[in-house]
Amino acid sequence: MPLGAAAQIQDAGVPRLAQDGEGTQLLVDGSPFIILGAQSENTSASNLEDVEVVYRDLDAVHANSATIPISWSLLEPEPGKFDFHLVDGIIEGARRHHLKLILLWFGTSKNGLMGFTPDWIKTDRATYFRVRDARGDEQYAISPLSTAALKADQRAFSALMSHIREFDQRDHTVIMMQIENEDCLYPEDRDYSVAANRAFAGQPPPELMSYLVKHREGLTPALQSAWKLTGYRTTGSWTNIFGDMAPEVFSAWAISSYIDGIAEAGKAQYAIPYYINVPLINSGQVRAGDWPSGTANSQVFDIWKAIAKHIDIIAPDIYRIDFPQQAAFYNRSDNVLFVAEVGIAPYYAPYVFTTLAGMNGIGYTPFGIDRGYEYSSELNAGQAALEENFRVLRPLLPLIARNRYRGTLFPIVLDMYRHESLAIPLGDSLTAVVHFDEKFVADTEAHRGGGIIIKLAADRFIVAGEGFHINFAELKGLPRDAECLSVEEGTFDGETWITKRVITGDRGNVSLRLHQPSILQVHLDRKVN
Ligand code: DGJ
């Protein structure tokens with residue numbers, strides 16, 4: 001039995017993912033937890049004063065979680081000599097601020113590069129050999145085929161997870177771990193080192209092929225069509241089987257195997273949820289290597305599913321204006337949506353409602369809450385938009401957690417440049433009609449309105465958010481507009497509603513105005529029940 005396993009088995013409060021009917025919940029201390037957080041800059045955690053700034057920024061936006069990197073070079077400056085003082089301080093700081101923590105393991109690869117590896121790894125090129133490009137030139141990246149690097153990373157990550165288990169097993173401050181960061185190959189489609197060339201000339205492993213055969217009908221379109229072109233071959237070289245897509249599939253296999261090895265070693269010490277984050281394909285990128293090759297994007301997602309058995313979530317980093325389409329790809333029955341990174345520009349802010357209400361996501365964590373001076377105008381507007389959305393969402397989280405996967409959560413989000421109203425069918429012959437305030441509609445710099453509807457019953461709704469007004473239209477009979485019995489503004493303590501004011505107006509059928517962040521409870525007078 002691995003070292004930490006006995007201790008892990010007894011503790012039911014350890015953060016974990018649990019299947020709940022058709023859905024997946026993140027459980028912390030046995031209760032569903034939804035992550036409203038943000039990520040620090042990449043190098044903000046080299047001292048605890050800077051981390052404190054991150055925590056203060058997170059408090060200011062009503063976050064309940066922090067996402068902070070742990071650098072391998074700072075953790076293990078000399079082989080086998082670990083320095084946990086930053087890890088401990090980061091955890092203690094989060095506890096003081098009542099924040100949960102998602103730690104990012106910046107180990108062998110940060111965006112396909114080796115910047116966060118210790119100097120003793122960087123300088124020992126013979127042992128920890130590097131990725132080579134197609135001309136044979138060394139890159140600033142450790143090869144995913146390097147078993148020595150894998151072993152060294154496994155040893156460091158195991159030490160980290162063992163330490164976190166000992167330090168945090170009662171408090172459960174650390175709730176998830178990210179393995180590496182946007183691991184990929186770039187700007188080549190694959191590694192051309194000697195070891196990689198040898199493996200590429202061989203055959204794909206049988207476990208990969210049997211997974212693909214078993215899931216053939218459900219494969220993503222890119223892989224499906226590449227494989228179809230070779231007549232769904234199952235034997236031969238990578239190129240025989242995957243044709244032109246072989247280098248990218250090979251990269252996905254090499255990287256996912258490497259990451260899974262690290263995750264397996266870490267889970268033996270402390271088995272909380274582990275995830276990877278994915279850089280997406282941007283428009284204008286036409287081939288692997290233009291886009292990051294081998295990451296779990298829409299090209300090779302299935303390869304990761306086949307190989308990375310110790311990874312619980314494949315999470316997108318979304319810096320594209322078509323957020324809903326990109327997020328939808330990662331919202332699957334075999335993969336709960338967690339938005340690991342998203343732009344902090346105000347444009348993205350309402351997509352927290354898309355994530356939590358539209359796609360049953362478990363969390364939303366924009367990148368760079370403490371970004372420096374040069375980004376300040378975007379940051380200030382982004383922080384403001386985040387603050388307003390998190391302010392209304394925070395008290396709603398227990399209710400949202402209970403309503404996930406029930407068809408009773410509805411996002412109110414307008415797509416960019418569509419200066420229109422929304423009609424949101426709520427079931428039971430009722431539709432919400434939403435008109436957005438002009439000042440909130442939409443360019444990437446501007447704050448956009450948005451919100452959430454939670455259906456408590458056929459005649460009772462929570463409406464929260466800002467930047468719109470809303471009325472309820474009956475789809476059958478008369479009256480055409482549903483009449484309101486009461487409208488209250490308030491908040492929740494747990495799941496108990498606290499009324500702040502009663503705002504039922506002069507008219508029976510009201511248009512509810514949410515010009516500022518607010519939470520309303522609406523009781524309609526309806527014939528159905
Ligand atoms: C994506 C990376 O994963 C992050 O670490 C960060 O560098 C952002 N890009 C910057 O936008």
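Author: An axis here is a line fitted to the C-alpha atoms of a helix over the stretch in contact, and angles run from 0 to 180 degrees between N-to-C directions. The model is a predicted one. Helix H2, residues 48–60, packs with helix H4, residues 85–96, at an angle of about 30°, and their axes are 10 Å apart. Angles under 35 degrees count as roughly parallel, so H2 is roughly parallel to H4. The crossing of H2 past H4 is right-handed. On the H2 side the contact is made by Leu48, Val51, Glu52 and Tyr55. On the H4 side the residues are His85, Leu86, Gly89, Ile90, Gly93, Ala94 and Arg96. Sorted by class, the contact of H2 with H4 has six nonpolar, three polar and two charged residues.

Now the setting of this pair. The chain has 16 helices and 24 strands. For 529 residues, a compact globule would have a radius of gyration near 24 Å, and the chain agrees with this because its value is 24 Å. Along the principal axes, the C-alpha atoms fill a box of roughly 80 × 55 × 50 Å.

Among the strands are E1, residues 16–20, and E2, residues 23–28, which run antiparallel and are joined by five bridges. Together E1 and E2 form a hairpin, with two residues between the strands. Glycine 21 lies in the turn and has a positive phi of about 60°. Aspartate 20 stands opposite glycine 23 of E2.

A sheet can also hold several strands. In a regular strand, side chains alternate between the two faces of the sheet. Four bridges link E15 to strand E18 (residues 450–457) in the antiparallel sense. Proline 411 has isoleucine 452 in E18 as its bridge partner.

Another open sheet has four strands in the order E16-E17-E20-E23, and its pairing is antiparallel. Strands E16 (422–427) and E23 (512–514) stand at the edges with a single partner strand each, so one side of each has no neighbour in the sheet. On average, neighbouring strands here are turned by 25° against each other, direction ignored. Strand E20, residues 468–474, pairs with E23 over three bridges in the antiparallel sense. In E23, leucine 514 is the bridge partner of phenylalanine 468.

Loops make contacts too. Glutamate 188 sits in the loop between strand E9 (174–181) and helix H7 (194–201). Leaving aside neighbours within four places in sequence, glutamate 188 is in contact with Asp133, Ala134, Gly289 and Ser293. Along the chain, glutamate 188 and serine 293 are 105 residues apart, while their C-alpha atoms are separated by 7.4 Å.

How values were computed. Residues numbered from 1 in each chain as written. Predicted model: local features only at pLDDT ≥ 70, side-chain atom pairs only at ≥ 80, totals over all residues. Heavy atoms only, no water. Pairing = 2+ DSSP bridges. Parallel < 35°, antiparallel > 145°, perpendicular 65-115°, else oblique. Left-handed = near helix turned anticlockwise from the far one by under 90°. Contact = heavy atoms within 4.5 Å. Nonpolar A, V, L, I, M, F, W, Y, C, P; charged D, E, K, R; others polar. Rg over C-alpha atoms; globule rule 2.2 N^0.38 Å.
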